[in-house]
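Have the viewer open and follow along.

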Amino acid sequence: MNKYLKLVSKIVLITFLMFSISVKGQSDEEILKSVYTKSLTNGKSYEWLDYLSNTIGGRLSGSTNAELAVQYTKKELEKLDLDKVWLQPVMVPKWVRGEKEMAYFETSGILNKVNICALGGSIATPEKGTKAQVIEVATYKALEALGEENIKGKIVFINRALQPELINTFQAYGGCSVERYAGAAEAAKYGAVGTIVRSLSSRQDDYPHTGSMSYGDLPVAQRIPSAAISTNDAVKLSEALKKDKNLEFYFEMSCQQFDDVQSYNVIGEITGSEFPNEYMIVGGHLDSWDLGDGAHDDGAGVVQSMDVLRLLKESGITPKRSIRVVLFMNEENGLRGGRKYAEVAKTKNEKHVFALESDAGGFTPRGFSFDCSDIMFSKIEAWKPLFKPYLIHYFEKGGSGADIGPLKNDDIVLAGLRPDSQRYFDHHHAANDTFEHVNKRELELGAATMTALVFLMDKYGTETITNTKEIKD
Ligand SMILES: [Zn+2]
C-alpha cells in the first residue's frame, strides 16, 4: 500500500471509530444532557442507598452487615447485564464496639453524663471503667512539654476544634485528624490512662464521631482506651475544668479486636470495545462505621458508582476501554480493599488509565479534583464548559480518594468527585450519618456527573495521554 492509500485508510478507520462512539451522532453536550436526564428521572442510586442504609445498616469491616452488603451489591450488579461481575477476596480487620459506651465527669458530687464513643481500634476500659483526673490539651503535641509528671495516671483530653474559617471542611478535618489517630499512642508514652478526643465535627451537637486510631508500635501492655466526645460535651468538660481542675472523669467501653476475617471487594465490568486491556475504574467504599447507617460515608459513593455503569448502558454509550465499578471493602479501618485491588492489578499487569472515587458524601456535586500531571490537567480543564450548565465546573488539582490511591503511577489519572463539603462533617462517622440526610436529587446529580467524566475520559483519554507522552518526550 502506498503512503497515500495508507493515510486514506487510516482516516476512514478513525472516522468510523469516532462515529461509532459518538452515540448516534450526538454531540458531547447532548450526551451529557441525556445522562443527567436519565439519572434525574430514572436513577437507581437512591433506591439502592435506601436498601443499603435502611435494610442493611452500618457496615463495619468484618461484620455480618458488611457481608450482606457484599451479597446485595453483587446481586444488583448482576441485574445490570454487565460483561462480568465478581468478588475479589480480601482479609479485613474485625473490631467490635460491644455495649454502648458510658461516661460522666464529677463536679462537687454531681455526675454530669456526657456522650462518648470508642474510637475504632481502641482497646476496652477495664470492666469497672476508667476513672481519673483530666488534663486538657489543645493538641497532642503539647504533651511533650507537659511531660510525665503532669500526665501520669490522668486522662488526656484533646480539645481541638475544626477551624470554622476554612471553607473547604476537608482541610479543617485534615488539620485535626492526627489528634484522633495518634493521640492515644502519644499520651500513653507519658503514662496517661486514657484519652478523650473532641469529635471531628463542624457542628455543636451531642453526637460523638468515631474514626480510626492507631497505637503504632506501642507494646500491648502500654495501650490505653481512647474515645471521642461530642462537641457540646467537649465544651462542657472544658468549662468545668476551668472551675475545678481536679474533677474526675469516668468512662466505660467494651470494644474488642478480633482476628482478621475474609471479606470481598465487589467488582463489575463493561468490557471495552476497542481497548479491552485498558481499564478505567469508578468506585466508593462498601464498609462504613457502625454508629449510623453509612449513607453519606460511603453508601452514596457506592450507589453512584454502580449507577455510572448502568447510566452508560442506558445512554447507549459503548466504552472503548473496560470500565469497572469497584466497591472497596475496609476503607475506614485498614484500606485493605484498596490495597488488594491495586496489588491484583499489578500482578495481572492490568493497565489502569483512569480511576474516579466518590467518598465525600452525597451532597450537591461541585466538580472534581485530579491527581495527574499539569499537562493532563490543562487538557481535562478544557471540558469544564460541558459541566457549566449543571453548575458543576469546579476542577482543581489535588487529592482523589483513599481507595484508588494505591493505583497511583506516572500514567494514571486519579480523580475524586467533589460535592459541597459544608455539612459533611456534621454527619461523618456519627450516628446521624443516615439515609434521611441524603437528598435524592443531589445524589443523582453526583451519579450523572461521574458518568459524564467517565464518558469523556474514555472518549478522549488515550488521545490525551498519548499527546501528553509526546510532549513529555
Ligand atoms: Zn469514606
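At what angle do helix α2 (residues 28–42) and α8 pack, and how far apart are their axes? The angle is about 115°, and the axes sit 10 Å apart. On the way past, α2 makes a right-handed crossing with α8. From the α2 side, V35, K38, S39 and N42 do the touching, and they meet R310, L311 and E314 of α8. Sorted by class, that contact of α2 with α8 comes to three charged, two polar and two nonpolar residues.

Before going on, a word on the model itself. This is a predicted model, and its protein chain has an average pLDDT of 93, with 92% of the residues scoring at least 70.

Along the principal axes, the C-alpha atoms fill a box of roughly 95 × 45 × 40 Å.

Now back to the helices. Two packed helices are described by the angle between their axes and the distance between the axes. Here are the pairs side by side.

| Helix pair | Angle | Axis distance |
|---|---|---|
| α2 and α8 | about 115° | 10 Å |
| α3 and α8 | roughly 140° | within 9 Å |
| α3 and α4 | about 155° | 11 Å |

Take α3 (residues 45–56) and α8 (residues 295–314) next: their axes come within 9 Å and cross at roughly 140°. That angle makes α3 oblique to α8. The crossing of α3 past α8 is right-handed. On the α3 side the contact uses S45, W48, L49, L52 and S53, while α8 brings A295, G299, A300, V302, V303, Q304, M306, D307 and R310. In class terms, the contact of α3 with α8 has eight nonpolar residues, along with four polar and two charged ones.

What about α3 and helix α4 (residues 64–78)? They pack at about 155°, with 11 Å between their axes. The two helices, α3 and α4, are therefore roughly antiparallel to each other. Here, too, the crossing of α3 past α4 is right-handed. E47, W48, Y51, L52 and I56 of α3 make the contact with N65, L68, A69, Y72, T73 and E76 of α4. Of the residues in this contact of α3 with α4, seven are nonpolar, two polar and two charged.

A couple of backbone details are worth a click. D297 and D298 are joined by a cis peptide bond, with omega about 0°. D298 lies in helix α8. The other spot is S108, which has a positive phi of about 40° although it is not a glycine. You'll find S108 in the loop between β2 (102–107) and β3 (110–113).

Conventions: Residues are numbered from 1 along each chain as its sequence is written. This is a predicted model: local features need pLDDT of at least 70, side-chain atom pairs count only at pLDDT 80 or more; totals for chains, interfaces and linings use all residues. Side-chain values use heavy atoms; hydrogens and water are left out. pLDDT is the predictor's confidence in each residue, from 0 to 100. Axes are lines fitted to C-alpha atoms, for helices over the stretch in contact, and angles run from 0 to 180 degrees between N-to-C directions. Helices (H or I, at least four residues) and strands (E, at least two) are DSSP runs, numbered from the N terminus. Angles under 35 degrees count as roughly parallel, over 145 as roughly antiparallel, 65 to 115 as roughly perpendicular and the rest as oblique. A crossing is left-handed if the near helix is turned anticlockwise from the far one by less than a right angle, and right-handed if clockwise. Contact means heavy atoms within 4.5 Å. Ala, Val, Leu, Ile, Met, Phe, Trp, Tyr, Cys and Pro count as nonpolar, Asp, Glu, Lys and Arg as charged, and the others, Gly among them, as polar.
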